[in-house]
Amino acid sequence: MPPGPLPPRFPLLPRRFILWTTLLLAPLLSAQSPPPPDPEPVPLTTLRELRALPPKTAVRALPVHIRGVITALNWGSTAFIQDETGGSFFNLHPASPAIHPGDEVEVRGKSIQSGFVPGIDAQEYRVLGRRPLPHPFPATYDDLLTGRLQWERVSLSGVVRSQEEREPNAWTLKLALGSQPLEILYRPEQRVPPPPLVDARVRVSGLAAGVINLKRQIAFHQIYVNDLADIAVEAPPPPLPFEAPVLPFSELLQFRPDGIRPHRVRVRGAVTHHQPGELLCLREGKVGLFVRSTQTTPLTPGDRVEAIGFPVMGSFSALLEDAEFRRVGSDPPPAPTPISITEALKGAHDANLVTLEARLLETLHGPTESVLLLHSDDTAFEARLPRSPLALRSGSLLRVSGVCRVEASSTTLSFRASPKSFELLLRSPNDIQLLAAPSPWTARNLAAAALALLLLALAALVWVAVLRRRVRSQTEIIRSRIEREAVLEERQRVAREIHDTLAQSFSGVGFQLEALDARLPDEPALRQSLATAKHLVRHGQEEFRRSLLNLRACELERGSLAEALAETGRLMTAGSGTAFELRHTGLGARFPEAVENNLLRIAQECLTNALRHAQASKITAELSMAQAQLRLQIQDNGRGFHPASLSSLPEGHFGWQGIRERAAQIHARVTLESTPGKGTSITLTVPLDPPAHSSPGMAL
């Protein structure tokens with residue numbers, strides 16, 4: 001028999017176990033072995049590769065190994081290099097060897113991202129020899145706008161508009177490429193100035209450059225030129241520009257069969273306004289012309305001048321740019337032409353000296369000029385003049401004289417341009433004449449008057465409300481006074497009636513009893529009955545006296561409770577040898593009549609007891625107001641007594657009972673303190689707004 005399969009040395013493991021073990025151990029195994037190093041980047045060897053780097057890649061400092069020709073130098077800090085594929089730049093270091101345009105160099109460094117095109121941070125470079133400059137690319141202004149020729153040599157042809165030396169050994173030429181001006185920066189190494197080139201047609205070969213903003217955009221384009229040989233004159237300027245034929249203002253930029261020439265023209269006119277170094281305004285007949293010139297020769301209105309400049313289209317009509325002028329005579333200052341707002345908006349008076357009437361809306365002052373905002377016939381416009389301290393109020397009617405400048409124009413389907421707005425250029429404050437002062441009822445004054453009337457009305461309403469409250473308060477006081485006087489009058493009437501009838505009757509009865517006492521025989525029973533009758537009459541007279549005092553309250557009729565207490569104490573202690581003192585604090589207006597009457601009678605009763613029974617040498621009364629409670633305390637230094645003895649007084653002594661009854665009427669709490677030989681103190685506390693069902697208490 002053939003031998004069978006050998007048994008496995010290790011047991012077979014499940015596939016699922018092997019799979020999970022591999023997944024778990026894979027990270028550990030990979031962590032143990034280091035990642036392979038990144039490959040060394042390949043150096044960039046052409047400028048096309050460098051220019052093609054995106055900004056995020058150029059800043060990674062990729063190695064660069066370039067061989068090319070120096071095309072231009074920028075003041076010894078930057079060198080521009082170009083090879084067969086494109087152009088760029090690299091930074092120069094102070095210790096680096098000197099180089100010149102036309103040198104062939106080999107540059108090693110790192111890529112950098114500049115404001116527009118990627119460049120090279122040169123670590124080292126060496127000069128290999130001399131080579132001709134790269135052939136310039138024939139370009140137009142639109143080619144420069146694309147930006148694809150930045151830092152490469154280009155060639156353009158145009159007419160030189162202006163020529164100026166801005167810095168030592170640095171000239172700026174304005175080259176007109178059709179209607180587009182281009183700035184040429186000429187910085188020669190040999191310090192050779194350019195010849196007069198204004199109005200010449202030239203071909204310029206140089207480095208395409210431009211001013212870069214923070215958004216990595218070209219704000220405006222320039223051409224760098226390091227050698228005068230790169231400025232080739234194709235047509236020289238006219239030898240005698242001021243000998244050219246004089247062209248009327250009205251013929252500028254009009255149709256010519258041979259086309260409009262791009263060269264300077266000569267005009268003649270009278271000066272109406274001059275801003276040295278900026279603007280010259282001329283008039284020829286009834287037509288005005290703006291002339292832009294950097295020339296600072298002073299002129300005055302009325303001077304006759306000749307100007308040569310390049311005609312261009314302004315916002316509405318033709319004007320001269322980059323002009324030169326000369327004075328040829330002088331006439332009286334020209335008079336402004338009177339016009340209306342409607343005529344100004346037709347555009348026929350653009351650049352002409354005019355005068356019109358308008359009303360002032362507002363005056364604004366800037367750093368160098370003052371602006372008047374005017375309106376007339378529902379149209380607003382501005383008048384500008386050098387900054388001046390103008391004392392004009394809004395709403396004034398003015399006559400202003402200045403040069404009219406149309407600001408904007410619109411077109412219609414009829415191919416006609418029409419002005420949309422205009423402004424006046426004033427020469428001085430003398431061009432402003434005040435015709436009528438503004439009405440005092442301006443919008444601001446009306447608003448102020450309306451506000452004042454509103455505040456006055458609010459004040460009147462507040463005053464009426466306060467007056468009504470005072471009237472109500474006075475009405476209540478008058479009503480209370482009338483009621484009080486009526487009650488007092490009624491009390492006095494009742495008191496008079498009692499005095500004239502019952503009191504007099506009791507007095508008559510007393511007199512009769514006295515007479516009878518003298519005539520009766522001496523019998524004990526009769527004498528006892530007569531004594532009792534006399535005692536009853538005296539008791540009735542005392543009660544009548546008390547009642548009359550309660551009804552009349554003459555002390556309270558003359559003044560307040562404090563004044564009545566002081567007067568009562570003075571009268572009752574007069575001639576008795578007993579001193580009386582009243583102290584009062586926190587008292588305000590009058591208190592309720594019942595409170596005043598009862599407190600006064602209680603005080604009278606306390607004074608009577610102190611004088612009659614206590615034999616006191618000093619009595620002190622204190623009346624105070626605190627926490628909506630009226631407090632009266634009467635204290636003497638008399639003999640004193642035991643308070644418990646009040647319950648065993650003999651019949652006919654009703655003083656303490658009267659005090660308690662009067663205190664109950666005004667919801668007062670009575671406190672009595674007395675010690676034999678140490679005097680007596682009685683305190684009454686009256687709540688001015690007592691509860692509905694409160695009852696008086698008495699503490700001994």
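How exposed is Arg 384? Arg 384 is partly exposed, at a relative accessible area of 23%; on this scale buried means under 20%, exposed over 50%, and partly exposed in between (1.4 Å probe, protein chains only). What you're looking at is a predicted model, where local features need pLDDT of at least 70, side-chain atom pairs count only at pLDDT 80 or more, and totals for chains, interfaces and linings use all residues. Residues are numbered from 1 along each chain as its sequence is written, and side-chain values use heavy atoms, with hydrogens and water left out.

**Salt bridges in general**

- Side chains of opposite charge can pair when their charged atoms come close.
- Here a salt bridge is a side-chain nitrogen of Lys or Arg within 4 Å of a carboxyl oxygen of Asp or Glu, and that rule gives a count of 33.

- Arg 384 pairs up with Glu 423 in a salt bridge, at 2.8 Å from N to O.
- This pair links distant parts of the chain, with Arg 384 in strand β21 (residues 379–386) and Glu 423 in strand β23 (residues 417–425), 39 residues apart; helices (H or I, at least four residues) and strands (E, at least two) are DSSP runs numbered from the N terminus.
- Glu 423 counts as buried, at 4% relative accessibility.
- Through salt bridges with shared partners, Glu 369, Glu 382, Arg 384, Arg 405, Glu 407 and Glu 423 join into one network.

**Two other pairs**

- Glu 104 and Arg 67 form a salt bridge too, at 3.0 Å from N to O.
- Glu 104 belongs to strand β4 (residues 103–113) and Arg 67 to strand β1 (residues 63–74), so this is a link between distant parts of the chain, 37 residues apart.
- Glu 104 is buried at 11% relative accessibility, whereas Arg 67 is exposed at 52%.
- Arg 161 and Asp 322 also meet in a salt bridge, with their closest N and O atoms 3.8 Å apart.
- Arg 161 sits in strand β7 (residues 153–167) and Asp 322 in strand β17 (residues 318–330), so the pair ties together parts 161 residues apart in sequence.
- Arg 161 and Asp 322 are both buried.

**A leucine patch**

- Leu 451, Leu 454, Leu 455, Leu 458 and Leu 461 make up a nonpolar surface patch with about 490 Å² of accessible area together.
- Patches take residues with over 30% relative accessible area and no salt bridge, joining like charges within 9 Å and nonpolar side chains (Val, Leu, Ile, Met, Phe, Trp, Tyr) within 5 Å.
- Accessible areas come from the Shrake-Rupley method with a 1.4 Å probe, and for residues only the protein chains shown count as cover.
- Leu 461 is in helix α6 (residues 443–519) and counts as exposed, at 57% relative accessibility.
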